Amino acid sequence: MKLSEIKEILRTLDHVEFQLENGTFVPEHFHVTEVGTVTKHFIDCGGTVRNEKAVSFQLWNADDFEHRLKPAKLLNIIKLSEEKLGIEDDEIEVEYQNTTIGRFDLEFNGKNFVLKNKTTACLVQDACGIPSEKQKVSLSELSNNQTSCCTPDSGCC
């Protein structure tokens, strides 16, 4: 989800709820403690230099159980970050601590914002020696002329 998308959605909501992909909700007294831009400058295993940029939201739970972040307040935080930091309309990445600090993609299911699990992947699979999809061969296409090196009395089986 891009920053422009969350801003449009927030304008239509009465309250803000975040939910993990497994259905568990982020406690409703969460805070958005950071909004910023994160950049990643790296080289992949094929030797290509790459840059990635995302808007980062950090969610945090405190002991102030009465706290509720309203959509207008989050819109104000986003607006301030755009003005002060020059944040652009990039994809959003959410940082949230469950058992450890996790980074999540963000989606909206029509009611709640959903923290989607991220996965790792090789960006250049042919350079890593990862075989492409296995070739499927029909058993009927195999030659009937092949002989086995094993015979019932050879002791190899």
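Colleague: Is Glu 107 buried, partly exposed or exposed?
Modeller: Glu 107 counts as partly exposed, at 41% relative accessibility. Please keep in mind that this is a predicted model.

Colleague: Which residue does Glu 107 form a salt bridge with?
Modeller: The partner of Glu 107 is Lys 116, with the closest N and O atoms 3.9 Å apart. Lys 116 also meets the side chain of Glu 21 in a salt bridge, at 3.0 Å from N to O.

Colleague: Where do Lys 116 and Glu 21 lie?
Modeller: Lys 116 belongs to strand E6 (residues 113-117), while Glu 21 sits in the loop between strand E1 (18-20) and strand E2 (30-43), so the pair ties together parts that are 95 residues apart in sequence. Lys 116 is partly exposed, with a relative accessible area of 21%. Glu 21 is partly exposed as well, at 38%.

Colleague: And what does Lys 118 pair with?
Modeller: Lys 118 forms a salt bridge with Asp 105, and their closest N and O atoms are 3.0 Å apart. Since Lys 118 is in the loop between E6 and helix H3 (125-128) and Asp 105 is in strand E5 (residues 101-108), this pair ties together parts that are 13 residues apart in sequence. Lys 118 has a relative accessible area of 34%, which is partly exposed. For Asp 105 the relative accessible area is 34%, again partly exposed.

Colleague: Which residues are linked with Asp 105 and Lys 118 in a network?
Modeller: Glu 93 and Arg 103 are linked with Asp 105 and Lys 118 in a network of salt bridges.

Colleague: How many salt bridges does the structure hold?
Modeller: There are 11 salt bridges in the structure. In general, side chains of opposite charge can pair when their charged atoms come close.

Colleague: Let us change topic. How many helices and strands are there?
Modeller: The protein has 3 helices and 6 strands. Along the sequence they follow the pattern α-β-β-β-α-β-β-β-α.

Colleague: What is the extent of helix H2?
Modeller: H2 covers residues 71-85, which is 15 residues, and reaches 21 Å from its first C-alpha to its last. That is close to the 21 Å expected at 1.5 Å a residue. Just after H2, Gly 86 takes a positive phi of about 70 degrees.

Colleague: Which residues of H2 are buried?
Modeller: They are Pro 71, Leu 74, Leu 75, Ile 78 and Ser 81. Seen down the axis of H2, the buried residues fall within an arc of 125 degrees, so they line one face of the helix. The face turned away from that buried side carries the exposed residues Glu 83 and Lys 84.

Colleague: What do the buried residues of H2 pack against?
Modeller: They pack against helix H1 (3-10), E2 and strand E3 (49-61).

Colleague: Then which residues are buried in H1?
Modeller: In H1, the buried residues are Leu 3, Ile 6, Lys 7, Ile 9 and Leu 10. They cover an arc of only 165 degrees around the axis, which puts them on the same side of H1. Their cover includes E3, H2, strand E4 (92-97), E5 and E6.

Colleague: What about Asp 44: is it buried or exposed?
Modeller: Asp 44 counts as buried, at 9% relative accessibility. Asp 44 is found in the loop between E2 and E3. Leaving aside neighbours within four places in sequence, Asp 44 is in contact with Arg 50, Leu 123 and Val 124.

Colleague: And for the whole protein, what share of the residues is buried?
Modeller: Buried residues make up 30% of the 157 residues. The protein exposes about 11200 Å², of which carbon and sulfur atoms supply 48%. Among the contacts with a separation of 6 or more, residues 24 or more positions apart account for 66%.

Colleague: One last topic. Where is confidence lowest, and where is it highest?
Modeller: Confidence is lowest in H3, at a mean of 75, and highest in H1, at 98. The protein averages a pLDDT of 89, and 83% of the residues score at least 70. Where pLDDT is low, the predicted coordinates should not be read in detail.

Key
Residues are numbered from 1 along each chain as its sequence is written. This is a predicted model: local features need pLDDT of at least 70, side-chain atom pairs count only at pLDDT 80 or more; totals for chains, interfaces and linings use all residues. Side-chain values use heavy atoms; hydrogens and water are left out. A salt bridge is a side-chain nitrogen of Lys or Arg within 4 Å of a carboxyl oxygen of Asp or Glu. Helices (H or I, at least four residues) and strands (E, at least two) are DSSP runs, numbered from the N terminus. Buried means under 20% relative accessible area, exposed over 50%, partly exposed in between (1.4 Å probe, protein chains only). Contact means heavy atoms within 4.5 Å. Accessible areas come from the Shrake-Rupley method with a 1.4 Å probe; for residues, only the protein chains shown count as cover. The expected span of a helix is 1.5 Å times one less than its number of residues. The arc is that of the directions from the helix axis to the C-beta atoms. pLDDT is the predictor's confidence in each residue, from 0 to 100.
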